[in-house]
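I opened my notebook and went through this protein one piece at a time. Here is what I looked up, in the order I looked.

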Amino acid sequence: MRLRTSGLRPMTHPRETLVLIRPTCKENLTECNVLHTVSGLVTVLFVAPVMAFATSGCTGASPQPRVAPGHEVGEVFRDCATCPEMVVVPSGTVLLGTPKSQVPPGVGRGSEAQRWAPIDAAFAAGVYEVTFAEWDACVEAGGCRGYSPRDGGWGRGTRPVINVNFRDAVAYARWLSETTGHDYRLPTEAEWEHAARAGSRTLRFWGDEEAEQCRYANGYDATGFAAKPHPIARPADCEDGYAWTAPVGSFAPNPFGLHDVLGNVKEWNNDCWRHPAKPANVIDLLGWFCINGRVTRGGAWGSIPSLLRSAWRGAPSGGTRSSAIGFRVVRTLDPSS
Ligand SMILES: [Ca+2]
């Protein structure tokens with residue numbers, strides 16, 4: 001076992017608050033927003049009884065970050081020679097979504113609404129997006145449906161695997177589980193966003209600004225524009241050096257030590273797309289297919305800056321095989337693993 005330290009940094013950015021854990025109900029924007037606006041003597045005299053009542057409804061709040069017994073946050077491991085490198089992240093109750101005032105134009109109303117979500121499973125996340133080398137090892141071992149996806153002429157090896165649909169990604173996770181005896185799978189939306197945010201409440205794990213994008217993410221930048229000018233789409237005002245996919249880990253990691261959570265390729269999640277404020281569709285619950293598409297997250301090499309945000313949500317058909325979509329696996333941890 002070793003601990004990842006190179007990618008970790010103290011979460012002390014003035015606009016970055018540790019939000020892994022809901023400390024009190026006062027932090028809940030939907031349940032307790034009114035309480036936030038009251039302070040001092042007024043709070044003591046008039047609001048305390050209301051606060052006591054309101055906080056009594058905050059069931060499920062996590063008093064401490066949760067980590068599977070026997071594991072440490074930042075612990076990095078690999079379950080086999082050709083398996084993805086994994087890092088342990090904390091669980092807890094986390095804040096997802098984008099503040100209403102910061103939702104970019106064009107994003108569907110309320111589709112990124114802020115909400116608290118419990119992350120019940122202790123888990124480890126892939127440090128990198130699954131690569132062609134890892135996918136090809138799966139195929140050589142008889143897994144992954146024997147499917148060899150095209151690389152677009154961009155190369156294989158450490159580049160993220162592309163042209164894989166949702167079922168392909170699930171097949172890879174299933175093969176990993178069978179090979180290692182551990183529970184590998186695709187992340188839920190909440191797990192993905194939690195891992196991508198790594199404690200940040202800003203639009204991106206490095207802050208709100210686009211200016212720093214080229215240090216942390218491979219998106220549609222000056223390099224991409226030079227290779228493929230778009231008449232309308234505005235590239236990031238910087239140069240990241242990659243017009244298409246980049247080898248995984250080419251950019252700085254987030255505070256959890258995860259690389260390329262934003263940019264490079266969009267990543268399949270295990271959830272059907274639905275509006276956060278609406279119940280799941282009956283057809284979705286049947287598990288046959290997702291009526292509104294499968295969720296992808298993170299944006300890709302061709303994504304404009306407004307899509308390279310922690311809360312951005314894509315919804316392609318689960319059967320889509322695209323040069324802009326890949327995936328990252330997670331592994332459920334339990335005390336015996
Ligand atoms: Ca780029």
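**Entry 1: a pair of strands.** I began with Cys-272, which stands opposite Arg-294 in β9. Strands here are DSSP runs of E with at least two residues, helices are runs of H or I with at least four, and both are numbered from the N terminus. I noted that β8 and β9 pair in the antiparallel sense over three bridges. Two strands count as paired if DSSP finds at least two bridges between them.

**Entry 2: ground rules.** I reminded myself that this is a predicted model, where local features need pLDDT of at least 70 and side-chain atom pairs count only at pLDDT 80 or more, while totals for chains, interfaces and linings use all residues. Residues are numbered from 1 along each chain as its sequence is written.

**Entry 3: the rest of that sheet.** Which strands sit together here, and in what order? I found four strands in an open sheet, ordered β10-β9-β8-β11, with mixed pairing. β10 (313–314) and β11 (325–326) stand at the edges with a single partner strand each, so one side of each has no neighbour in the sheet. β9 and β10 pair in the antiparallel sense over two bridges, and Arg-297 has Arg-313 in β10 as its bridge partner.

I then looked at which way the residues of β9 point. In a regular strand the side chains alternate between the two faces of the sheet. Arg-294 and Thr-296 point one way from β9, Val-295 and Arg-297 point the other way, and all are buried. Buried means 20 or more other C-beta atoms within 10 Å of the residue's own, exposed means 12 or fewer, and partly exposed is in between, with C-beta atoms placed from the backbone.

**Entry 4: the whole protein.** I stepped back and counted eight helices and twelve strands. Buried residues make up 43% of the 337 residues. I also checked contacts, meaning pairs of residues whose C-beta atoms, placed from the backbone, lie within 7 Å. Among contacts between residues at least 6 apart in sequence, 72% join residues at least 24 apart.

**Entry 5: the largest nonpolar core.** A nonpolar core is a set of buried Ala, Val, Leu, Ile, Met, Phe, Trp, Tyr and Cys residues joined through C-beta atoms within 7 Å. The largest one has 64 residues, and Val-87, Ala-124, Ala-125, Tyr-172 and Ala-195 touch the most other members. Among the elements that each supply at least two residues are β3 (86–89), β6 (123–126) and α3 (132–140). Which helix gives the most to this core? It is α4, with six residues.

I followed up Ala-124. Setting aside neighbours within four places in sequence, Ala-124 is in contact with Met-86, Val-87, Val-88, Val-89, Val-330, Arg-331 and Leu-333.

**Entry 6: α4.** I checked the length of this helix next. α4 has 15 residues and reaches 21 Å from its first C-alpha to its last, close to the 21 Å expected at 1.5 Å a residue. The expected span is 1.5 Å times one less than the number of residues. Phe-166, Asp-168, Ala-169, Tyr-172, Ala-173, Trp-175 and Leu-176 are buried in α4. The buried residues of α4 pack against α3, β7 (183–185), β8 (266–272) and β9 (294–297). Just after α4, Gly-181 takes a positive phi of about 80°.

**Entry 7: two spots in one loop.** Is Gly-142 buried or exposed? Gly-142 counts as exposed, because it has 8 C-beta neighbours inside 10 Å. Its place is in the loop between α3 and α4. The C-alpha atoms of Gly-142 and Trp-175 are separated by 8.9 Å, though these residues are 33 apart along the chain.

Arg-156 lies in the loop between α3 and α4. With 16 other C-beta atoms within 10 Å, Arg-156 is partly exposed. Not counting residues up to four places away in sequence, Arg-156 touches Phe-132, Ala-133, Asp-136 and Asp-151.

**Entry 8: two covered elements.** I finished with β4, where five of its five residues are buried. β4 and β5 run antiparallel and are joined by five bridges, and Leu-95 stands opposite Trp-116 in β5. α5 is mostly covered, with seven of its nine residues buried. Just after α5, Ala-198 takes a positive phi of about 50°.

Definitions and conventions:
Two residues are in contact if their C-beta atoms, placed from the backbone, lie within 7 Å.
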